[in-house]
Amino acid sequence: MADMAPIRPYLWFVDRAQEAMEYYVSVFPNSSIDRVAHYPDEDLSERFTGMAGKVIHGEFTLNGSRFGCIDGGPAFAFNEAVSFLIECADQAEIDHYWQALSAVPESEACGWCKDRFGVSWQVVPAGLDLLQQRPEQIQALMRMKKIVIAELESA
């Protein structure tokens, strides 16, 4: 296997892919919308009725990582079985991403949150494993929604 094919997440949105791409590139540094193709004005099939002008294929970069996306209609929905992990350098970075991405309070637990598009994120400090060395630290983490580094360090 001399040249390995890159693996890139591909996100299926109901009908807000363009909005999601624009939002995500505003949240993450070193980000861009790289390419967008839209559904034609005429319906392609019964499954995609009413999708004229929506994203049939989008490519974007978030902090150097490439993603793809589509507006595919309501056939599939995001859930917590897949999430994106953001390893943050410090509490300020955790606070920034939590503020920007957490939109569903009932989904918050142990550094996990869900954004307004239904995508799940893990907003954690880099080296989280070092902050889970003792049972007291693990118990503190389990009680948190947004991770507070100082509280884990002092547990």
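## The nonpolar core

Start in the middle: the largest nonpolar core has 37 residues, and the ones touching the most other members are Phe 13, Tyr 24, Leu 101, Trp 121 and Val 123. Helix H1, residues 17-27, puts in the largest share of this core, with 6 residues. Keep in mind that this is a predicted model.

Now for the strands. Four of them make an open sheet in the order S1-S4-S3-S2, and the pairing is mixed. S1 (10-13) and S2 (32-38) are the edge strands; each has a single partner strand, so one side of each has no neighbour in the sheet. From one strand to the next, the twist averages 20 degrees.

S2 and S3 (residues 55-62) run antiparallel and are joined by 6 bridges. H1, the helix that gives the core its largest share, lies across S1, S2, S3 and S4 (65-71), and runs at about 10 degrees to S3.

Helix H3 covers residues 135-143, and its buried residues are Gln 137, Ala 140 and Leu 141. These three sit on the same side of H3, because they cover an arc of only 100 degrees around the axis. As a rule, an α-helix has 3.6 residues a turn, so residues three or four places apart point the same way.

Helix H4 (149-154) is part of what covers those buried residues. Turn to the other side of H3 and you find Pro 135, Met 142 and Arg 143, which are exposed.

How many disulfides does a search of the whole structure find? The count is 0. For Cys 69, the nearest cysteine sulfur belongs to Cys 113 and is 19 Å away. For Cys 110, the nearest one is again that of Cys 113, at 12 Å. A disulfide would need the two sulfur atoms within 2.5 Å.

Both cysteines are buried, Cys 69 with a relative accessible area of 0% and Cys 110 with 19%. The cut-off for buried is under 20%, so Cys 110 counts as buried too.

Conventions:
Residues are numbered from 1 along each chain as its sequence is written. This is a predicted model: local features need pLDDT of at least 70, side-chain atom pairs count only at pLDDT 80 or more; totals for chains, interfaces and linings use all residues. Side-chain values use heavy atoms; hydrogens and water are left out. A nonpolar core is a set of buried Ala, Val, Leu, Ile, Met, Phe, Trp, Tyr and Cys residues joined through side-chain atoms within 4.5 Å. Buried means under 20% relative accessible area, exposed over 50%, partly exposed in between (1.4 Å probe, protein chains only). Helices (H or I, at least four residues) and strands (E, at least two) are DSSP runs, numbered from the N terminus. The arc is that of the directions from the helix axis to the C-beta atoms. Contact means heavy atoms within 4.5 Å. Two strands pair if DSSP finds at least two bridges between them. Axes are lines fitted to C-alpha atoms, for helices over the stretch in contact, and angles run from 0 to 180 degrees between N-to-C directions.
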